[in-house]
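Subject: Handover of a structure and notes on it

Dear colleague,

Please find below the structure that I am passing on to you. My notes follow it.

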Amino acid sequence: MQRIVLLSCIMAITIGCSQAPSPISLDQWTYIQVDNNRGKWGDFAPKKSIKYFGLAARDITGDGYGDLVAGRYFYRNPGGDMAAPWPRIDLGLNVDGVLFVDVDGDEFGDIIGIALPDVYWLEAADTEGSAWKAHIIAKIPKTKHINSQGHQTAQIISGGKEEILLSSGGGVHCLSIPAQPENGNWPAIAIAPESSEEGIGIQDIDGDGDLDISAGYGSKQEGSKLAWWENPGQLAAGWAMHPVGEVEAYVDRVKIADMNGDGRADIIVSEERWPGKEPNASCFWFEQGVSPQADWTRHTVITEYSLNNLDVADMDRDGDMDIVTCEHKGPSEKLQIFENDGAGNYTEHLLDQGKESHLGAETADLDGDGDREIFSVAWDEHKFLHLWRNDAIKK
């Protein structure tokens, strides 16, 4: 099912790729408004102020263009320059669509949705995703916002289908897809019960060949402390937790990547500040030293208004990992790429302003041309789904 183009021979295995691609510009972008009339969670349920958190990309129609899910809506990529209207299909119930994952190996797309405590598998009725059938597959604890803000898929345990990671009111849960997924009752194990309901980073932190996770922890399910949890090589509850450090406010988004080229996985964090009226939220990267169990150094990338958005990717294809973020609050609501010089030093590129984002600034190659687009959902302006087309490579 996965057809999003992988960008770098250095960062990912690409079939038929014999050398690293040429670096590209970070300053050629076109804004596309995918939607300006999205509903919110509270339109259909109690807690009227609550919005949707979900956002993910994958080509599920097989046309080479990445489609989107955001909240209760599936968006089919129109193709071409992606400026045409994106057909929007309602998933049919008040569910927050958070992930694409190939559940049953057929040609139809699959979405994981949450209406906590219920977790859903939404199965497309056709290759166009024009209708969806919902199955309740598991239950995990709801959060103070009802749904969670951490959603990832990864091959946590070798072999079989990739696992599904969801943060919750009871920490990060790992769901495995059973042989007969339509029967429900998917195993859901609390692998990091101490962690918050916010973002989850996934990468091999200790270099032992399996994927570990990182997240925030602390009081009231949302804390200023950062830790990583060590994969024991099996789906067991309560992985060993290793503290990393602290931020100044709340750990919000979390990513893991080697930021300085030393072969060790570092952890990147963006902070949430509430109410966000001051420029006092930071993006940090925590540099791993000689021991991932005890040796971490915090570096500041930028300090500005609440940063509820984060992705890390090789945006300029020069072989190192750059940082993408957007202010959720403040007078400018800046969308930025921080270009890495390969040693963990950053140069800011301002892409746009005035388009509020929350749990966004995600990246993927949506038009199949070899560079990564940026897409975001909004919270305060929840009706909007934003897309910035990367024009560095012309089709």
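In which loop does L359 lie? L359 lies in the loop between strand 25 (346-352) and strand 26; strands (E, at least two residues) are DSSP runs, numbered from the N terminus.

Please keep in mind that this is a predicted model, in which local features need pLDDT of at least 70, side-chain atom pairs count only at pLDDT 80 or more, and totals for chains, interfaces and linings use all residues. Residues are numbered from 1 along each chain as its sequence is written, and side-chain values use heavy atoms, with hydrogens and water left out.

Backbone

Most residues other than glycine have a negative phi, and most peptide bonds are trans. L359, although not a glycine, has a positive phi of about 55°. L359 counts as buried because its relative accessibility is 6% (buried means under 20% relative accessible area, exposed over 50%, and partly exposed in between, with a 1.4 Å probe and protein chains only). K47 is also not a glycine, and its phi is positive, near 60°. This residue is placed in the loop between strand 1 (29-35) and strand 2 (56-58). K47 has 45% relative accessibility and therefore counts as partly exposed.

Two cis peptide bonds deserve a look. One joins L116 and P117, with omega about 15°, and P117 is found in the loop between strand 7 (110-115) and strand 8 (118-124). Another joins W274 and P275, with omega about 5°; P275 lies in the loop between strand 19 (266-272) and strand 20 (281-288).

A buried charge

D367 is in the loop between strand 26 (362-364) and strand 27 (373-377). D367 is buried but has no salt bridge (a side-chain nitrogen of Lys or Arg within 4 Å of a carboxyl oxygen of Asp or Glu). The nearest side chain of opposite charge is that of R389, 5.3 Å away; Lys and Arg count as positive and Asp and Glu as negative, while His and the chain ends are not counted. Leaving aside residues up to four places away in sequence, D367 touches G64, Y65, G80, M82, E373, R389 and K395, where contact means heavy atoms within 4.5 Å.

Yours sincerely,
A colleague

Terms used. Helix = DSSP H or I, 4+ residues; strand = E, 2+ residues; numbered from the N terminus.
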